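Here are a few exercises to work through with the model open beside you. Try each task before reading its solution.

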Amino acid sequence: MDYNFLKIEKHDAITVLKISAPKSLNALNSTILTELDRFVDSIDPATRVLIITGDGDKSFVAGADISEMAHLDEQEGYEFGKLGAAVFRKIEVLPIPVIAAVNGFALGGGCELAMACDIRIASVKAKFGQPEVGLGIIPGFSGTYRLPKLIGQGYAKEMIYTGKIIRADEALRIGLVNSIHEPEELMPAAIEMAKKMVACAPMAICLAKLSMNENYDLNAPEALELESKLFGKCFATTDQKEGMDAFLNKRPAKFTGK
Ligand code: CO8
């Protein structure tokens, strides 16, 4: 499939998706969001882990495209926000792990895209922020929802009300990213993490992700009931039989994803 703003690389079962709009530091316009939507809808079923990064060495995604947003009216703003939020939600609920390899600016919609991924790792040169209030808008691609859940209300509100930009080491300190790496080590680290996931049972990872994603918004009794149901489902998979048989017979497991 052809894209104007996405570059796709395959490393066996790992797919690397690069957002590529060099003239605007990979800012997201509606064409890129539509391409992202099409990419997610048609993702190669052989993909076991998706890594999202920015093309070039300066930016992950520098936000939504300000030149496109500048002239929107209320209804158009609503629709643009809905488009971004819907695409990011599709990424969030993909039945495979998604790692954001944040290689530079992750501002506004870029930080929100990273937060829709399961895991964020970053270059030491990365910078994060929700600078929207400085532009007269609010985070509109789900940032007001995900940032407080990820880092807590207090610091999320400070970031959103001040629009301050934080460095990678601060993002690590507050738990916005899992680890930071020298720029040339970022993609190898993402691939290494992805390979560990590929070695495990695909359905188990899918069910674990479903449980954690759904539990986000449930109360404790509902969350624990859901986890028990999904735990039960594992025992209907051949991968569970294979994984446990392999352990008991001291041999490596061969998972089939069934
Ligand atoms: N949109 C459009 N163009 C951009 C964007 C952007 N978000 N970011 C950078 N660019 C463009 C610049 O205009 C510039 O273009 P040109 O060369 O034609 O002048 C080019 O990229 C290079 O940028 P700079 O020259 O500014 O590069 P610097 O290294 O000096 O600065 C920064 C890099 C700090 C990243 C700076 O470009 C910047 O501050 N960019 C804007 C960051 C920002 O505010 N992002 C948030 C945008 S709002 C948002 O994401 C809202 C999401 C929810 C939307 C809901 C819709 C309703």
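**Exercise 1. Find the residue in β9 that is the bridge partner of K127, and describe the sheet around this pair.**

Start with the pair itself: K127 is bridged to R167 in β9. This is a predicted model, in which local features need pLDDT of at least 70, side-chain atom pairs count only at pLDDT 80 or more, and totals for chains, interfaces and linings use all residues. Residues are numbered from 1 along each chain as its sequence is written, and side-chain values use heavy atoms, with hydrogens and water left out.

Next, widen the view to the two strands. Strand β8 (residues 127-129) pairs with β9 in the antiparallel sense, over three bridges. Strands here are DSSP E runs of at least two residues and helices are H or I runs of at least four, numbered from the N terminus; two strands pair if DSSP finds at least two bridges between them.

Now place them in the sheet. The order is β4-β6-β8-β9, an open sheet of four strands with mixed pairing. β4 (59-61) and β9 (165-167) each have a single partner strand, so one side of each is left without a neighbour in the sheet. From one strand to the next, the twist averages 20°.

**Exercise 2. Which residues of α5 are buried, and what do they pack against?**

First, the list: G143, R146, L147, P148 and I151 are the buried residues of α5. Buried means under 20% relative accessible area, exposed over 50%, and partly exposed in between (1.4 Å probe, protein chains only).

Second, the surroundings: these buried residues pack against α3 (74-92), α4 and α6 (153-162).

**Exercise 3. Is A101 buried or exposed, and what does A101 touch?**

Locate A101 in strand β5 (residues 98-102). A101 is buried, with a relative accessible area of 0%. Leaving out residues up to four places away in sequence, its contacts include I51, F60, I121 and M187.

Now find the sheet to which β5 belongs: six strands in the order β1-β2-β3-β5-β7-β10, open and with mixed pairing. Its edge strands are β1 (6-11) and β10 (179-181), each pairing on one side only.

**Exercise 4. Trace the hairpin of β1 and β2.**

Follow the pairing first: β1 and strand β2 (residues 14-19) are antiparallel over six bridges. In β2, H11 has I14 as its bridge partner, while E9 has V16.

Then look at the turn, where two residues lie between the strands and D12 takes a positive phi near 55°.

Methods. Axes fitted to C-alpha atoms, helices over the stretch in contact; angles between N-to-C directions. Contact = heavy atoms within 4.5 Å.
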